[in-house]
Amino acid sequence: MKKVGVAILGMGVVGGGTAQILIERKKQIEEEYGVEVEVVACLDKDTSKGARYGLDASYFAADIDEICANNNVDIVVECMGGTEPAKTFLTKALAAGKSIVTSNKEMFSKSWPELEKVAAKTGAGLYYEATTGGGMPIIRMMTQAMQANTILEIKAIINGTTNYILSKMAQEGADYAEVLKDAQALGYAEANPVADVEGYDSSYKLSILSSLAFNKRLPVELIEREGITKITKEDISIAKDMGFVIKLLAIAKQRDGKIEARVNPVFLSKDHPLANVNDSFNAVFLVGDNVGDIMLYGRGAGALPTGSAIVSDIVFCARQDKHARYGEMNNVMTSKDIDEDYPSEYYIRLDVHDVAGVIADVAAVFKKYKVSISQMRQDDRKEIIPIVFVTHEVKKKAMMQAIEEISRLSNVIGVRNVIKVER
Ligand code: HSE
């Protein structure tokens, strides 16, 4: 039977989950897939971290060079996180002819072309299922099962922390700051939540998915990004009343030879399949020209879900005679490929003085920029009243100009939020 030696870099939550699954499933993997997979080395400052998986200090290498020089190591699994030294370690491993499996979305989305270049030279494999969607096998689905399709659209909930926060805000009628504090206390959100709540994490993952979908690398910098920190309980309650939920979506659409790529909170119609993806769950919704709609749903993080994706990559990698190469890495999108002025419907919430003509003033600006209204609602308060509009589709630049002009109207106290609408 083919023997495959694995080295795990980083024995934290994900590295530990991977070791646990590999040990528990060893026999089943041998019987079902005909490969004997064994952890033969680890790398972590704390050499006691492998004890519970039967990996005593003798398994722990002194440094990455020792792992690269170890002839028993065929696959290097990176579960360290952070861009460095992860990138340097994986570059060394690939140069030594070791295939790599990584769960590191930030490092991989930024360094994929450089890693691919080194891998192509030595013929080593590059596997990254666990970078996106945790336990959901979305990468394998896109690379192995969509041959008959041009992917037209991706809509995804690929950050569990923000989905958890938005779900709790909706369930409890609570404000963002309150829920974030609870989520941090429970360990669902990081002490420094910026990467999650400002949409960076989703944009790394969207870059990976879009590059595969459109056969051309989409650099992270070209993705429009907006987080969830401005969402209030008022917005969530209005959304509910109007038949929407608020979700942080990662969206990429192919239209007229250009790509619309963005991460932002949206008013999502409650009838959309993604609207029922709650708590820390992830889901990816794809539209292929032949297959139509597909959706994958699952746990986007955690030791065993992420370990599940990593082990799937290890077994897949172990059974390949020749590894897939990623031609799209030589073909990179520039700002010319991006549709920055895409059409969208919008939700707009204003506070205005309750005086005659204020609606007419706002409507005049909408008329000037050809913004057509599909829904309007006015709440009853005293002198200051909140007014909400939902528009028909309008190009982004025209909408932003209209908003800017509305914010300067004398009877408009403030534009409280502007959120895109998806159906
Ligand atoms: N911070 C990520 C999330 C973890 O909240 O989904 C998985 O990448």
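This is a predicted model: local features need pLDDT of at least 70, side-chain atom pairs count only at pLDDT 80 or more; totals for chains, interfaces and linings use all residues.

Visitor: OK, and which residues of α8 are buried?
Guide: In α8, which runs over residues 176–185, the buried ones are Y176, V179, L180 and A183.

Visitor: Why do they line one face of the helix?
Guide: Look down the axis of α8: the buried residues fall within an arc of 105°, so they line one face.

Visitor: What covers those buried residues of α8?
Guide: The cover includes α7, residues 160–172, and α9, residues 194–197.

Visitor: Switching topic: which residues surround the ligand?
Guide: They are K105, N159, G160, T161, D196, D201, K205, G300 and A301.

Visitor: How far is G160 from an oxygen atom of the ligand?
Guide: A backbone N or O atom of G160 lies 2.7 Å from a ligand oxygen. T161 uses a polar side-chain atom, 2.6 Å from an oxygen atom of the ligand.

Visitor: What about the side chain of D196?
Guide: An N or O atom in the D196 side chain is 2.9 Å from a nitrogen atom of the ligand.

Visitor: How much of the ligand does the protein bury?
Guide: Taken alone, the ligand exposes 260 Å², and the protein buries 81% of that.

Key
Residues are numbered from 1 along each chain as its sequence is written. Side-chain values use heavy atoms; hydrogens and water are left out. Buried means under 20% relative accessible area, exposed over 50%, partly exposed in between (1.4 Å probe, protein chains only). Helices (H or I, at least four residues) and strands (E, at least two) are DSSP runs, numbered from the N terminus. The arc is that of the directions from the helix axis to the C-beta atoms. Contact means heavy atoms within 4.5 Å. A residue is near a molecule or strand if one of its heavy atoms lies within 4 Å of it. A polar contact is a pair of N or O atoms within 3.5 Å; within protein, one must be able to donate a hydrogen and the other to accept it, and residues adjacent in sequence count only if both atoms are side-chain atoms. Accessible areas come from the Shrake-Rupley method with a 1.4 Å probe; for residues, only the protein chains shown count as cover.
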